[in-house]
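Please look over the model below before reading on. My comments come as numbered points.

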Amino acid sequence: MSADPLRRILLVEDDLDIQAVIQLSLEMNGGFTVATCARASQALDLARSFGPDLILLDVMMPDLNGPALLGAMRQDPDLAGIPAVFLTAKSLDEDPWLERLPGVLARISKPFDPQELVPALLRIWAGRVRDPGSPRP
Amino acid sequence: MDAPGLILGLGSLALALTLGGLGLALFRQGRARRGLEASLAVATERLGHLEEALEACGDRAWVLYPDQERGTIYFGRSAQTRPGEESLLLETALERVHPEDMAAARQILRAHSQTPDAICEVEYRRASLTGDGTWVWMELRGRALARHPDGRAIRMAGVIRDITRRKEAEETLKASERLYRTIVEDQTDLICRATPEGVLTFVNEAYALAFDRSPAELMGVNFFDLVPEADRPDLCRHLDGISLDQQTSAVEHRVNLPGGGVGWQRWVDRGIFDARGRLKEYQSVGRDVTKRKEAELALAQSEDKYRRVFETTADAMILMDYETRRILDANSAACRLYGYQRDELVGLDMMILSAEPARTLASINAAESHVPLRYHVRKDGAIFPVEISMNRSRRNGRHLGVCLMRDISGRIEAERGKDEFLATVAHELKTPLTSLYGSLGLLQANVEKMPRDKLLSLLTIAHGNSRRLIRLVGDILDNEKLQSGKLVFHRTLVRLGPVLQRATEEMRFYAQTREVGLTLDLPLGDVQVWADPDRVEQVLINLLSNAIKHAPGGSEVGIGLEAAAGLARISVRDQGPGIPAEFQGQIFERFVQIGISGTSSRGGSGLGLTIAKALVERMGGRMDFESQDGRGAEFWFELPLAGSEAAHER
């Protein structure tokens, strides 16, 4: 269990409406600092400059899908330790492997109640098991 | 003795009697005695000869004088003759006649005494002379020898003979005939005799009954006339086949029944030949087989019907022996499905066709009547899914199975497509629903403390995504109707100019919000097509909204119309980023959307182009695009001009 509080969240979501709603929910209900981008290709740079505690990641995106972006981050020593939570419109039985990817804490299914998002993320954050081999302190 | 001989004999007898009386008178006178004696001797000798002749034949002579009701029968000197009874008076003789025959005998004799020149014949019984109480049959023949001027007979003469033996033989024959007739008449079988030409000479009651006529009415009828004309040649051939070597033969043919109906009869015909081997007549025994024949015909028809169904059904059908699993028959569809010739399939073990023999065997053993999915194998080794229905029946002690196989590759493919489509639709619906649910949820919880600009932005998101949902649902339904061919087109003569103007004006506001200009370039004169104007407008709006969506702010979207080579060509050109090469091959497929940064409530359903292309094709046209990555795109569609050949063909 980690005592590190969750403060900064990077949101990668290509649908601008969903992005806006989630951002507002995270800021208003959780007081988080949120950075957003709509393209996976921009996410790596933004992650490096923003330094998020957690990445909230859409699975289906036009240029590069969420799992592929996560794979790219795991190749980057600066980003490899950042945990991720997937946002997906697919049902659980369609992509059961999604949660078993390294560094993935959970999945949140669309559509969801925006008032429930922050409590859910906090639960996930509190319940995460630190990877013993993680380079992060 | 024939009639003239008899008359001659009786004439001589009369002469002799006359001469006898004359001789005695002369003797008294004593003159020419010698000559007379000589003559008498001759006459007596002749008389003796006659008596002998009559006796040799068993006949006796008689003389009758009808006027005097007096007559004599001369017996001669036979062993039966008692002394003193060489002759018998007619009255005495009549006393012995059988009472039943008396009246007939008297009447015939009386009648013939008045009928010139006819020989009378009477048969009668009389008591036996032996006195044992038995009766003897006699035959009396004779005629009038002298007549009065009015024709009445003065004297009649003739012979009489015993015919008891002949009568007895006749009686025996009659009895046997009666017996034969009883047997024949009691038969329910039809019996007839006919000449070689077919003329009926005898029919029994059953035969007559079959044709609803009396036996007498049928006598002389040619039996060919009772047979329908169409069946006569066959019947002729059958009868021609009857010969000395082949005396009987059976045949079944139709017969015309009273009342216009037609029945079936089965006949065994026997030819009767004379000593020289010539056909004398046919003797035939038959029976009505209409019911059996009708049942046979019904069976044949139902078999024929079954065979036609078997042969023409689109599903593969195989008839197999349930116990040996050998294929007994297969229809053309089965041959096509499995890639075998019929004679290759017949005799094969059913297991050869199964790609899962163990499961197939289990199904057969469990007598499953329906197997929804099983994999079968073609002759070339290709494996395909089938749905099987099996029906078992027992026929002639054999356990048969009729298997009906339906290739369900298409159905399984379609089901898979449907599943994928549903998953995609669900995903596409969840995207606007996420925005809608999210924005409304935030508003509800935070409306009091939320700054006005955020509040408005959330409302805009909710409204935009509601519209997106509506459009998506509409597109999904349109697409579904197009796929199943249920979309109705109201085709009429359409002037394209006004349709293009209307669509352009419709989209002008949306274009302005995107800071995109619309330029409509119409040719001089009407361009007319045979189409549904609303659908043409729908296609155009779809292309325009796509173009405006991808056009950069400040650019122009051009709408063009040309008519050439029997086709109207409508084009929509934008100056956007164009279609990336990797998307070009699938741009018209369902739910393929080009990812562009910043898509939001402007996002389409992913079905727009699929629907537009299908609509154009249903109206007899085609749609395509030209685009180079980074240099804009031009989508166009063509419709056959009204009055052109292409339009007529549609």
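1. Start with a caution. This is a predicted model. Keep that in mind with every value below.

2. How much area do chain B and chain A bury between them? The figure is about 2,200 Å². Of this, 67% lies on carbon and sulfur atoms. Chain B brings 28 residues to the contact, and chain A brings 24 residues.

3. Now the charged links. Between chain B and chain A the count is one salt bridge. D15(A) pairs with R468(B) in a salt bridge. Their closest N and O atoms are 3.0 Å apart.

4. Which elements give two or more residues to the side of chain B that touches chain A? They are α13 (409-446) and α14 (452-484) of chain B. The largest share, 14 residues, comes from α13(B). Sorted by class, this side of chain B has nine nonpolar, 15 polar and four charged residues.

5. Next, a sheet in chain B. Five strands form an open sheet in the order β13-β12-β16-β15-β14, with antiparallel pairing. Which strands are at the edges? They are β13 (327-330) and β14 (370-377) of chain B, and each pairs on one side only. On average, neighbouring strands of this sheet are turned by 35° against each other, direction ignored.

6. Strand β14(B) is joined to β15 (residues 383-395) of chain B by six bridges, and the two run antiparallel. V377(B) stands opposite I383(B) in β15(B). A helix belongs in this picture too. Helix α12 (residues 357-365) of chain B lies across β12 (316-321), β14 and β15 of chain B. The helix runs at about 145° to β14(B).

7. Move on to a hairpin. Strands β20 (residues 556-564) and β21 (residues 567-574) of chain B run antiparallel, joined by seven bridges. One bridge pair to find is I559(B) with V572(B) in β21(B). How many residues lie between the two strands of the hairpin? There are two residues between β20(B) and β21(B). In the turn, A565(B) has a positive phi of about 55°.

8. Stay with β21(B). This strand also pairs with β23 (residues 633-640) of chain B, in the antiparallel sense, over eight bridges. Here A568(B) stands opposite L639(B) in β23(B).

Terms used. Residues are numbered from 1 along each chain as its sequence is written. Chains are lettered from A and ligands numbered from 1 in the order in which they are written. This is a predicted model: local features need pLDDT of at least 70, side-chain atom pairs count only at pLDDT 80 or more; totals for chains, interfaces and linings use all residues. Side-chain values use heavy atoms; hydrogens and water are left out. Two strands pair if DSSP finds at least two bridges between them. Helices (H or I, at least four residues) and strands (E, at least two) are DSSP runs, numbered from the N terminus. Contact means heavy atoms within 4.5 Å. Buried area is the accessible area (1.4 Å probe) that two parts lose on being put together, summed over both. A salt bridge is a side-chain nitrogen of Lys or Arg within 4 Å of a carboxyl oxygen of Asp or Glu. Ala, Val, Leu, Ile, Met, Phe, Trp, Tyr, Cys and Pro count as nonpolar, Asp, Glu, Lys and Arg as charged, and the others, Gly among them, as polar. Axes are lines fitted to C-alpha atoms, for helices over the stretch in contact, and angles run from 0 to 180 degrees between N-to-C directions.
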